[in-house]
Amino acid sequence: MSGYLSFKRFITPTFIMVIYFLGAVVITIGSILLMAFGAGIGGAAVGIILGFVMLILGNLAWRILCEYWVVQFRIYEEIASLNRRLGGTSPQATPPSNPPAPTTPTCPTCGGPLRYIQQYQRWYCDKEQKYA
Ligand SMILES: [Zn+2]
């Protein structure tokens, strides 16, 4: 049910499949056209060879590219579902319960950060140039 509700899970691979199919059709038609009309490049044989190479390598490269694309989305989905299982990364999911304790105390008069002077063992305000 959660798979059905998460839109990307089903839409994206379908979208890639459609793109892959269209690309494969374009490559195949292009290859056939090259085989049919590629004779002008350097003779009928060259056109057929180029068309054939394009048909095989073009479809292969396109297939690999689309598979790589799908794999990228699978990895993304894995990370996304992992994040959901770990409690989510959305900002409202984990409100800061206790802010980190300030490492340096602030000046009682101006509120600026204080600097500890080891020599005098006192806190010094850089803003006002006086000891707190
Ligand atoms: Zn101050």
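Reader: Before anything else, what counts as a helix or a strand here?
Author: Both are DSSP runs, numbered from the N terminus: helices are H or I with at least four residues, and strands are E with at least two. Residues are numbered from 1 along each chain as its sequence is written. The model is predicted: local features need pLDDT of at least 70, side-chain atom pairs count only at pLDDT 80 or more, and totals for chains, interfaces and linings use all residues.

Reader: Ok. How many helices and strands does the chain have?
Author: There are 4 helices and 3 strands. From the N terminus on, they run α-α-α-α-β-β-β.

Reader: Where is threonine 106?
Author: Threonine 106 sits in the loop between α4 (44–85) and β1 (114–117).

Reader: What does threonine 106 touch?
Author: Leaving out residues up to four places away in sequence, threonine 106 touches Gly111, Gly112, Pro113 and Leu114. Contact means that the C-beta atoms of two residues, placed from the backbone, lie within 7 Å.

Reader: And how far is tyrosine 124 from threonine 106?
Author: Their C-alpha atoms are separated by 10.0 Å. Along the chain, the two are 18 residues apart.

Reader: Switching to the sheet. What is the strand order?
Author: The order is β1-β2-β3, in an open sheet with antiparallel pairing. The edge strands are β1 and β3 (130–131), each pairing on one side only. Two strands pair if DSSP finds at least two bridges between them.

Reader: How many bridges join β1 and β2?
Author: β1 and β2 (residues 122–125) pair over 4 bridges. Among the partners, isoleucine 117 goes with arginine 122, tyrosine 116 with tryptophan 123, and arginine 115 with tyrosine 124.

Reader: What about β2 and β3?
Author: They pair in the antiparallel sense over 2 bridges. Tyrosine 124 turns up again here, with tyrosine 131 in β3 as its bridge partner.

Reader: What holds paired strands together, in general?
Author: Strands of a sheet pair through backbone hydrogen bonds.

Reader: Which residues in the turns have a positive phi?
Author: In the hairpin of β1 and β2, with 4 residues between the strands, glutamine 121 has a positive phi near 55°. The β2 and β3 hairpin also has 4 residues between its strands, and glutamine 129 in that turn has a positive phi of about 55°.

Reader: Back to the helices. Where is leucine 50?
Author: Leucine 50 is in helix α4. It counts as partly exposed because 16 other C-beta atoms lie within 10 Å. Methionine 35 is 15 residues away in sequence and 7.1 Å away, C-alpha to C-alpha.

Reader: What share of the chain is buried?
Author: Buried residues make up 4% of the 132 residues.

Terms used. A residue is buried if 20 or more other C-beta atoms lie within 10 Å of its own, exposed if 12 or fewer, and partly exposed in between; C-beta atoms are placed from the backbone.
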